[in-house]
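Please keep the structure open beside you as you read.

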Amino acid sequence: MPKGSASTVWPFMTYWANRGGPDSSVAFAEGIEWRKIRSILQTSFFGPKDAEAYIENMDLTLNQVTKALTERGDYWGHNMSDFGSRLGMEMIGNVMFNINLGALTDNCSAEENEYLSCTLEAMRVAAPLTLGAPWRKSFPKYSKLYRTFSNNMDVSMARSKVLIDRVLEGLAEAAKTGEENWACKSYLGRLLTKHEGGISKEEICNNVGTLYFAGVDTTSNTIQWLWYNLARFPEVQEKLAAELHEVLGGANPKPGDFAKLPYLSACVKESFRLTPTAGGMARWVQEDTTLLGYHIPKGTQVNFLNVGGRDPKFVNEPEEFRPERWLNAEESAKLHKFWSHNFGFGPRMCLGARVAAIEVKAATSRVIQDFQMKLDPPDQKVEREMRLLTCPNPVPKFQFVRRSNVN
């Protein structure tokens with residue numbers, strides 16, 4: 001039975017332990033309990049076709065992206081951390097609840113702004129807690145930093161519950177009328193409609209709230225890195241724009257479209273290789289083993305850093321953003337699959353991996369069809385900063401220039 005490595009991010013595990021036990025969380029449960037929760041939660045979510053079904057939930061958000069960048073492109077281009085976070089929150093909200101929050105409009109409520117602020121602050125504080133002084137793990141209640149983390153998590157989870165309750169009300173209405181409605185098309189709605197026991201509805205809702213939280217900062221950073229790479233290599237951006245124009249013709253993507261967009265997929269893979277959002281992966285050794293001459297006892301946690309994709313011993317021209325390498329059969333065969341995937345591997349890979357990829361592709365396809373992205377200023381240098389995620393530092397600044405072939 002695969003053993004999870006999320007326990008190393010101890011602030012989240014401690015927080016869930018104080019909320020009734022980590023065994024109800026798919027991230028921290030182990031053994032048979034984990035397998036039971038995982039098999040239920042991946043229903044209508046994990047498969048490629050399941051993930052693509054949520055593209056239609058994103059239609060309004062994609063149109064709001066274009067409107068926001070048309071009307072306030074100068075502002076958002078120089079505030080990409082805020083833009084990316086709002087876009088990430090909106091898109092994962094589209095998936096989880098089929099609700100548009102207005103995060104990119106002037107109609108975003110104070111409650112949603114507070115949720116976003118607290119979610120980002122919890123992620124920010126979790127990094128020094130996880131990587132810093134180990135005494136905080138043993139005595140969290142004495143740590144001001146942990147109390148800050150916990151208080152922000154409380155606000156985030158409370159706001160998630162409000163959205164969950166709205167979906168539950170929508171499902172009750174659908175059951176009353178006998179007709180499918182907006183709530184039935186959300187991940188939570190589809191999950192509960194198919195729910196046949198195994199874990200409680202409360203446990204399902206708690207895990208959906210956690211997935212909602214986890215989908216904000218991860219998507220934001222992935223988009224920032226991808227757009228930064230596309231802006232640095234305008235010839236790649238224009239080749240992508242041509243593919244999108246040919247296949248989508250200015251429209252938002254629909255289920256089945258991404259299979260016709262190989263260059264878009266290659267761009268995402270290449271961005272993961274060159275600027276991975278996840279700094280690495282961890283695995284627990286299931287039995288005594290030897291790795292590169294070192295004896296590793298059973299039960300040891302081994303951490304893998306995402307650095308091989310930039311090593312010239314394994315990759316030709318590693319500092320170049322060249323998506324074509326993934327489309328060349330001979331060259332791609334030499335590239336390790338770890339370098340094109342930031343979501344882990346095996347039975348415990350990220351539950352939201354395919355949905356996250358759909359979000360990134362959908363947002364990018366909309367923006368590249370409508371705008372040329374340029375770095376502003378063009379010579380800015382961005383370094384990688386390791387927190388819980390690998391974040392661009394400083395956050396890149398963009399200019400969004402409306403394409404001439406767009407009405």
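## Ala-17 and the ground rules

Ala-17 is partly exposed, with a relative accessible area of 40%; here buried means under 20% relative accessible area, exposed over 50%, and partly exposed in between (1.4 Å probe, protein chains only). You will find Ala-17 in helix H1, residues 10–18. Helices (H or I, at least four residues) and strands (E, at least two) are DSSP runs, numbered from the N terminus. Between the C-alpha atoms of Ala-17 and Glu-173 there are 34 Å, and the two residues are 156 residues apart along the chain.

This is a predicted model, in which local features need pLDDT of at least 70 and side-chain atom pairs count only at pLDDT 80 or more, while totals for chains, interfaces and linings use all residues. Residues are numbered from 1 along each chain as its sequence is written, and side-chain values use heavy atoms, with hydrogens and water left out.

## Helix H5 and what follows

Helix H5 covers residues 80–97, which makes 18 residues. From its first C-alpha to its last, H5 reaches 25 Å, close to the 26 Å expected at 1.5 Å a residue (the expected span is 1.5 Å times one less than the number of residues). Is H5 mostly covered or mostly open? H5 is mostly covered, with 16 of its 18 residues buried. Just after H5 comes Asn-98, which has a positive phi of about 55 degrees.

## A nonpolar patch

Trp-135, Phe-139 and Tyr-142 make a nonpolar surface patch of about 380 Å². Patches are made of residues with over 30% relative accessible area and no salt bridge, with like charges joined within 9 Å and nonpolar side chains (Val, Leu, Ile, Met, Phe, Trp, Tyr) within 5 Å. The areas come from the Shrake-Rupley method with a 1.4 Å probe, and for residues only the protein chains shown count as cover.

Tyr-142 sits in the loop between helix H7 (135–138) and helix H8 (144–177). With a relative accessible area of 55%, Tyr-142 is exposed.

## Salt bridges

How many salt bridges are there? The count comes to 18, where a salt bridge is a side-chain nitrogen of Lys or Arg within 4 Å of a carboxyl oxygen of Asp or Glu. One of them joins Glu-112 to Arg-159, with the closest N and O atoms 2.5 Å apart. This pair links distant parts of the chain, Glu-112 being in helix H6 (residues 110–131) and Arg-159 in helix H8, 47 residues apart. Both Glu-112 and Arg-159 are buried. Arg-310 and Glu-319 also form a salt bridge, at 2.8 Å from N to O, and Glu-319 is partly exposed at 44% relative accessibility.

A network of salt bridges links Glu-270, Arg-273, Glu-317, Arg-322, Arg-325 and Glu-331. Within it, the side chains of Glu-331 and Arg-325 meet at 3.7 Å, N to O. Glu-331 is buried, with a relative accessible area of 16%, and Arg-325 is buried too, at 0%. Glu-317 is partly exposed at 48% relative accessibility and lies in the loop between strand E4 (301–305) and helix H13 (329–332). Glu-317 also has a positive phi, about 45 degrees, although it is not a glycine.

## Cysteines

The whole structure holds zero disulfides, a disulfide being a pair of cysteine sulfur atoms within 2.5 Å. Cys-108 is in no disulfide, and the nearest cysteine sulfur, that of Cys-118, is 13 Å away. Cys-108 counts as buried, at 13% relative accessibility.

Cys-350 is partly exposed at 34% relative accessibility.

Strand E6 (residues 383–386) and strand E7 (residues 390–393) pair in the antiparallel sense over four bridges; strands pair if DSSP finds at least two bridges between them. E6 and E7 form a hairpin with three residues between them. Glu-383 has Asn-393 in E7 as its bridge partner.

Most peptide bonds are trans. The bond from Asn-393 to Pro-394, however, is cis, with omega near -5 degrees. Pro-394 lies in the loop between E7 and strand E8 (398–402). Another cis peptide bond joins Asp-376 and Pro-377, with omega about 10 degrees, and Pro-377 is in the loop between strand E5 (371–375) and E6.
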